[in-house]
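Subject: The structure I promised you

Hi,

Here is the structure we talked about.

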Amino acid sequence: MTSNNRKILVTSALPYANGPIHLGHLLEYIQTDIWVRFQKMRGHEAYYVCADDAHGTPIMLKAQQLGITPEEMINQVREEHMADFADFNIEFDNYHSTHSDENRAFAEQIYTRLDENGHIKRRTISQLFDPEKAMFLPDRFVKGTCPKCGSEDQNGDNCDSCGATYSPTDLVNPVSVVSGATPVLKDSEHFFFDLPAFGDMLQDWTRSGALQEEMANKLNEWFESGLQQWDISRDAPYFGFEIPNAPGKFFYVWLDAPIGYMGSFKNLCDKKGINFDEFWKEDSQAELYHFIGKDIIYFHSLFWPAMLKGANYRQPTNVFAHGFVTVNGTKMSKSKGTFIKGRTYLDHLNPEFLRYYFAAKLTSRIDDLDLNLEDFAQRVNSDLVGKVVNIASRCASFISKKFDGMLSTNIDDQALADEVMNAGDSIAAHYENREFGRAMREIMALADKVNEYIAVKEPWQLIKDADKQQEVQDICSLGINLFRILMIYLKPVLPELSAKTAGFLNDELNWEGHKALLTNHKINKFKALLQRVDMDKVNAMVDDSKDNLVAAQAPAAEPVSPHLADDPISPEISFDDFAKVDLRVAKIIKAEHVEKANKLLQIQVDLGGEQRQIFAGIKSAYQPEDLVGKLTVVVANLAPRKMRFGMSEGMIIAAGPGGKDIFILSPDNGAEPGMRVM
């Protein structure tokens with residue numbers, strides 16, 4: 001829809017109510033917030049709602065561990081989440097909870113409609129049951145030996161070692177994570193949503209333009225393998241909503257979580273007098289958008305639209321998925337300090353820095369986004385401070401000191417003014433299409449042209465000539481005006497900086513304002529709008545994010561005798577001690593000599609998406625070029641060790657009597673980087 005009176009409802013995925021918000025979460029909320037702010041600037045009736053996802057076994061068990069009720073825990077976490085979001089300038093129209101009266105009412109209504117329409121099936125299944133806790137165990141609350149490869153201590157639904165997927169009942173020697181007891185099989189009647197009945201509808205809908213092409217292609221795998229009925233019930237004890245007319249049976253958390261969008265919006269409607277049905281009825285002309293991570297596309301693009309269809313509600317207009325956040329090229333890591341909580345970031349840095357950096361890298365695709373901390377600092381300093389704010393700081397003092405804060409009635413360079421003003425349509429299209437990175441590049445290219453204009457005109461030289469005063473006012477007035485237009489374009493991304501700019505310019509920075517210049521207009525005295533990113537603060541944030549439980553650094557090892565008789569066996573350790581050693585297959589992608597080191601090689605390894613630097617004492621046995629491309633085994637969870645030549649982030653497993661007879665451990669040809677070695 002492109003009419004001027006669009007009605008738009010937008011949601012982000014609901015954060016789970018058992019932990020803090022981190023930078024990986026924030027990508028989605030910042031992306032959504034930018035898009036909604038843009039829609040509101042364009043004059044549309046747009047609402048952005050969200051809620052905490054507050055149900056499920058993990059919440060129930062964590063509350064038990066804390067000695068409080070689940071309600072107390074989720075209320076506390078919700079307050080923390082809302083504070084974090086507010087401080088990142090994420091502006092929800094309503095932030096609610098799935099543990100609400102509205103959500104209960106819609107969950108029961110949708111379930112009842114599905115049941116009445118023949119879409120709920122019942123059958124008895126066998127599940128693992130903890131006899132000590134008297135509870136059925138979800139997949140992730142069972143550990144055991146993989147039935148395929150024999151690896152121990154594997155999760156109930158998949159094996160980290162071989163990648164196999166299976167049912168928890170297939171595990172060998174299963175153990176309850178909750179109590180340590182041996183679970184038993186127990187029968188229970190469960191309720192299933194008949195997803196296959198919606199197969200044709202879903203195939204049409206997923207190819208209707210409602211999804212990104214990559215998502216639609218990915219969902220083909222589900223259709224090709226055949227849709228399965230979806231288990232929507234869980235047995236007591238469970239923290240959630242009880243299913244109507246089914247004592248001791250509760251809605252599975254993933255049934256009522258997306259319904260939480262409806263619950264949060266209904267809560268807003270009741271407070272603001274908004275017509276709920278206009279947005280949710282089957283023939284609604286309003287637009288409904290869900291922003292989500294790529295890991296939950298199945299729930300939002302199969303189960304959710306089918307549930308809505310079966311309960312006589314409308315389907316989403318679009319489901320927009322994004323990728324994950326990496327930091328410095330790898331997955332976020334507690335030991336490296338790159339698993340950064342939102343609050344830790346806020347303790348050190350301006351939230352608008354992150355909003356801009358994410359915007360500068362966001363596209364409409366589902367690519368992962370890397371937060372490279374050095375690039376982050378350089379880009380923010382270069383773009384926002386060095387280009388945009390620099391325009392105002394170069395021009396404002398002349399206007400304030402020499403011309404009593406009044407902007408000229410003359411336009412010094414109409415062609416440049418037209419170019420900046422006319423860019424609004426293109427930039428608006430980028431925002432609409434979620435191509436934020438393209439929008440930022442276009443804005444910064446315009447900023448470069450404005451800075452070049454000021455540099456060529458040199459008002460700081462002209463001001464020395466009494467006959468050039470009007471020219472200085474004209475030049476600096478145009479500079480201030482073009483800065484204003486750039487800030488209008490940046491307002492969805494930088495609401496705080498825009499508010500400061502609006503105060504400085506005595507202007508509201510409305511979107512339509514980009515089509516005109518302020519002439520004979522009084523501005524206020526300029527104050528510094530933005531400080532540069534300080535890498536010391538970035539490093540302090542990383543230090544504060546490092547896992548406090550990282551093991552103390554081990555001392556350097558003494559040379560080991562090749563003869564066991566000369567080297568007494570160390571004191572025995574338990575199997576549990578040995579099990580803590582995480583051995584992983586790694587691919588050597590780079591190896592080189594270490595200057596002034598007699599025994600060491602500097603080796604770069606790939607652990608299946610994460611790269612590490614390791615110094616290994618195998619120089620006497622291997623030439624660096626012979627190692628590149630080989631698979632080896634490393635101790636992946638060894639605490640990083642600061643050496644004279646740099647940081648060593650693991651240990652390569654090698655053995656032998658010494659000299660040329662040192663042999664790195666090489667796994668079988670079927671191994672892949674990142675695979676665990678048992």
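One term before we start: contact means heavy atoms within 4.5 Å. Two others come up all the time. Buried means under 20% relative accessible area, exposed means over 50%, and partly exposed is in between, with a 1.4 Å probe and protein chains only. Helices (H or I, at least four residues) and strands (E, at least two) are DSSP runs, numbered from the N terminus.

This is a predicted model, where local features need pLDDT of at least 70, side-chain atom pairs count only at pLDDT 80 or more, and totals for chains, interfaces and linings use all residues. Residues are numbered from 1 along each chain as its sequence is written, and side-chain values use heavy atoms, with hydrogens and water left out.

First, the whole chain. It has 21 helices and 25 strands, and 52% of its 678 residues count as buried. The C-alpha atoms fill a box of roughly 95 × 80 × 45 Å along the principal axes.

Now zoom in on helix α4, residues 101–116. Its buried residues are Glu-102, Asn-103, Phe-106, Ala-107, Ile-110, Tyr-111 and Leu-114. They sit on the same side of α4, because they cover an arc of only 150 degrees around the axis (the arc is that of the directions from the helix axis to the C-beta atoms). In general, an α-helix has 3.6 residues a turn, so residues three or four places apart point the same way. The face turned away from the buried side of α4 carries exposed Asp-101 and Glu-116.

What do the buried residues of α4 pack against? The partners are strands β3 (94–97), β4 (120–130), β9 (184–193) and β12 (249–251), plus helices α7 (253–272) and α9 (297–310). Just after α4, Gly-118 takes a positive phi of about 80 degrees.

Those two helices, α7 and α9, also pack on each other, at an angle of about 75 degrees and with axes 11 Å apart. That makes α7 roughly perpendicular to α9 (65 to 115 degrees). Axes here are lines fitted to C-alpha atoms, for helices over the stretch in contact, and angles run from 0 to 180 degrees between N-to-C directions. Among the residues that meet are Trp-254 and Met-262 in α7, and Phe-299 and Trp-304 in α9.

Last one: Asp-467 lies in the loop between α16 (459–462) and α17 (469–490). Asp-467 counts as exposed because its relative accessibility is 72%.

Cheers

How values were computed. The expected span of a helix is 1.5 Å times one less than its number of residues. Angles under 35 degrees count as roughly parallel, over 145 as roughly antiparallel, 65 to 115 as roughly perpendicular and the rest as oblique.
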